[in-house]
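Subject: Model handover

Hi,

Here is the model I promised to pass on.

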Amino acid sequence: MAAAHVTNAPRVSAPPASLAAAARHPAEKRRRQPSHLSNAASLQQEQQPQRWGSGWQAGQRLDTVHACQRAVACRGLGNGQSGRSGVPEEDQSIRVKCMLAEGSGKLDLSECELAQVPPAVLGLAGLEELSLAGNQLREVPEALGELSALSRLQLAGNQLASLPAGLCGLGALQGLWLHGNQLEGLPEELGRLAALTQLSLSGNRLRALPGSLGGLAELQELSCAGNRLGALPDSVGQLGALPDSVGQLGALKKLSLHGNQLREIPSSVGGLTSLEELSLQGNPRLAALPQELGTLPALRDLSAADCTLSTLPASLAAAPALESLSLYGNQLESVPTELLQAPQLKSLWLEGNPLSPATVAALLAALPASGLTALGLDEAQLAQLPPGERQALAAAAGGKLRVAGSVPGGPGPGYFKLERAPASAAEAGNGSSRPTTEVLVVSFGSAPGTPNWGGLLKKVRAAAGSPQEANFDVLYVVDPARNWYGGGDEGYELWEARLRAACAPYRSVVFIGDSMGATGALLFAHLATEVHAWTPQIDLATSSIRPGHAPDWHAILRHRVLKGVAGCRGHVVVHTGSWRHDLDQARCLPTQPGIKVQIYSVESHRLALALDRRGLLVQIVRSAVLHAMGLSNKDNVRLANLF
């Protein structure tokens, strides 16, 4: 098969000076040229009246097209124009919102281009929910901590470098969202937030967590992904400890620590008796796990992929509730077969480890009698075995064995897993590494740092009307560091080189991704023949979902995304809901042939999930795959008309 013609990647040593300056002053670049906008099929159950700043009038119902056009035409609160009374429009809007909040207890001032918290907010003694997300706040006043009724506080997507200790006096606070800021530290008084159940700290610059963290006895979810943590305080284990009085059981269920610099996990994690999900992937300095992890009674999902683990704690073989264990991309040479006998374990992923031939053979021999439904190995691991032994063991394992193909380009950043088309998957046991299809679908993982879209792509294969329609390879690409695929630093070149090598053998390449994964799909769009990106971040300077990097980093990523999109060899479709944050991101794209923005009446960043629930997502992706094959989707006339 002839290699695909791939255009040269855009070389970007630095963004234009004007772009870097704009990144340092986000308000200066709010006025952008709108993209081609198209209103998609109405999702009646999802549709809600949209509120676009001061342009919304009570009782008014706008159809989706008009609402979206208003969102694209103006920024609402940030335009600085004067109203009929001579008072700036944003001031009028904020005053009206504050007046309404006196009765409702809820105030949404997100995406208002605020440089400081309006004084009127501090006088709302009965306020229960406050969102200041997506503004330009560099600090919040101590007086905010006097709003004693606050139960939910959104401060994500600002420019906060620190927090006042006064915030830690909010005794009723249950949810605190601080992701996407510039935080380098947290107040030691954080542990006083006794009612807190959810704390989001992802995408900051934290190097340590305060020792008082153990005082958050009610905390259920803690996300610290994409920071610079080098160690955890021993008190983190107190989050699941049993207190003296009844009803104060430790409640932490989900702990996200992926994409940091952790060197070790303290043995005190054994106190996290309620923990169900633990994400440790993408910690390149993490070489060992504590034995206490295997004793956690509720732990169902453990991911320690893309670290540097060379050994495993023996206790994992007896982990009472563990169902999924991801260990791909480590330095494991041996894995005890007893691990396959863990009471509830269903899936074990070991691709990308230097497993010895004896270990591979032993795992395959133990697989048929185990309770596993999926053991992930790769072609290189299997190729170490003699052909006859390999084929016999693979045949005995049946559908429990999941073999990842070898990806050209050698080692590099992130996780690359090639899932071959059914026609060629049968040849994996024979050591063949050549694709038997001309079509590749590349799925970019989102911020959680694990492969996704696998279930959706299985639906696409299942919907195939013939073997030809299912004949496409899938490459799962994941950035476990939550670093937006290195789009603003030198890591971009390494990612681009690996992707270029992986895509080269194919005639048609379809990129798909959601959120951070959608940004990845656009960032490397010059390597694709078709791109579908759901709710991407393009301008990180104005996004509340972003890594904790400096403005110049954000500017470089934006520049590279636009260059990548411009270099695409086919069509680029950005799918967005009616949430203004996502609409504004889509507006960053230029108006030119081959680029289309598809708008749906879903006011949520989780657009892909909403479309999947309605059965539309599989139709969109299937149509893209069939188009790449030169076929048509005869069962999808209505959706085909959307593009």
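Below is what I found, starting with the whole chain and then going through a few individual spots.

First, the ground rules. This is a predicted model, so to speak of local features I need pLDDT of at least 70, side-chain atom pairs count only at pLDDT 80 or more, and totals for chains, interfaces and linings use all residues. Residues are numbered from 1 along each chain as its sequence is written, and side-chain values use heavy atoms, with hydrogens and water left out.

**Overall**

The protein has 15 helices and 21 strands; these are DSSP runs, numbered from the N terminus, with helices being H or I of at least four residues and strands E of at least two. Of its 643 residues, 56% count as buried. Buried means under 20% relative accessible area, exposed means over 50%, and partly exposed is in between (1.4 Å probe, protein chains only). The accessible surface comes to about 25000 Å², and 51% of that belongs to carbon and sulfur atoms; the areas come from the Shrake-Rupley method with a 1.4 Å probe, and for residues only the protein chains shown count as cover. Among contacts (heavy atoms within 4.5 Å) between residues at least 6 apart in sequence, 57% join residues at least 24 apart.

**Salt bridges**

I count a salt bridge when a side-chain nitrogen of Lys or Arg is within 4 Å of a carboxyl oxygen of Asp or Glu. By this rule there are 10 salt bridges.

One of them pairs E276 with R300, with the closest N and O atoms 3.3 Å apart. E276 sits in the loop between β8 (254-256) and β9 (277-279), and R300 in the loop between β9 and β10 (301-303), so the bridge ties together parts that are 24 residues apart in sequence. E276 is partly exposed at 25% relative accessible area, and R300 is partly exposed at 30%. A network of salt bridges links E276, E277 and R300.

Another joins K459 to D612, again with a closest N and O separation of 3.3 Å. K459 is in helix α8 (residues 454-462) and D612 in helix α13 (residues 607-613), so this pair ties together parts that are 153 residues apart in sequence. K459 is partly exposed at 43% relative accessibility, and D612 is partly exposed at 26%.

D584 and R587 also meet in a salt bridge, at 2.9 Å from N to O. Here D584 is buried, with a relative accessible area of 3%, and R587 is buried too, at 5%.

**Two helices**

Which residues of α8 are buried? They are G454, L456, L457, V460 and R461. They cover an arc of only 160° around the axis, which puts them on the same side of α8; the arc is that of the directions from the helix axis to the C-beta atoms. On the other side of α8, K458 and A462 are exposed.

Helix α11 (residues 551-566) has 16 residues and reaches 23 Å from its first C-alpha to its last, close to the 22 Å expected at 1.5 Å a residue. That expected span is 1.5 Å times one less than the number of residues. The buried residues in α11 include W553, H554, I556, L557 and R558.

N353 lies in the loop between β12 (347-349) and α4 (357-366), and it is buried at 5% relative accessible area. Its side chain reaches the backbone nitrogen of N330 at 3.1 Å, and a polar atom of that N353 side chain lies 3.4 Å from the backbone nitrogen of Q331. Leaving out residues up to four places away in sequence, N353 touches L327, Y328, G329, N330, Q331, L332 and Q381.

H581 is in helix α12 (residues 580-586) and is buried at 1% relative accessibility. The H581 side chain makes a polar contact with the side chain of S543 at 3.3 Å. A polar contact is a pair of N or O atoms within 3.5 Å; within protein, one must be able to donate a hydrogen and the other to accept it, and residues adjacent in sequence count only if both atoms are side-chain atoms. With residues up to four places away in sequence not counted, H581 touches E111, T542, S543, S544 and I545.

P536 lies in the loop between β19 (530-534) and α11, buried at 2% relative accessible area. P536 and G520 are 16 residues apart in sequence and 8.5 Å apart in space, C-alpha to C-alpha.

Cheers
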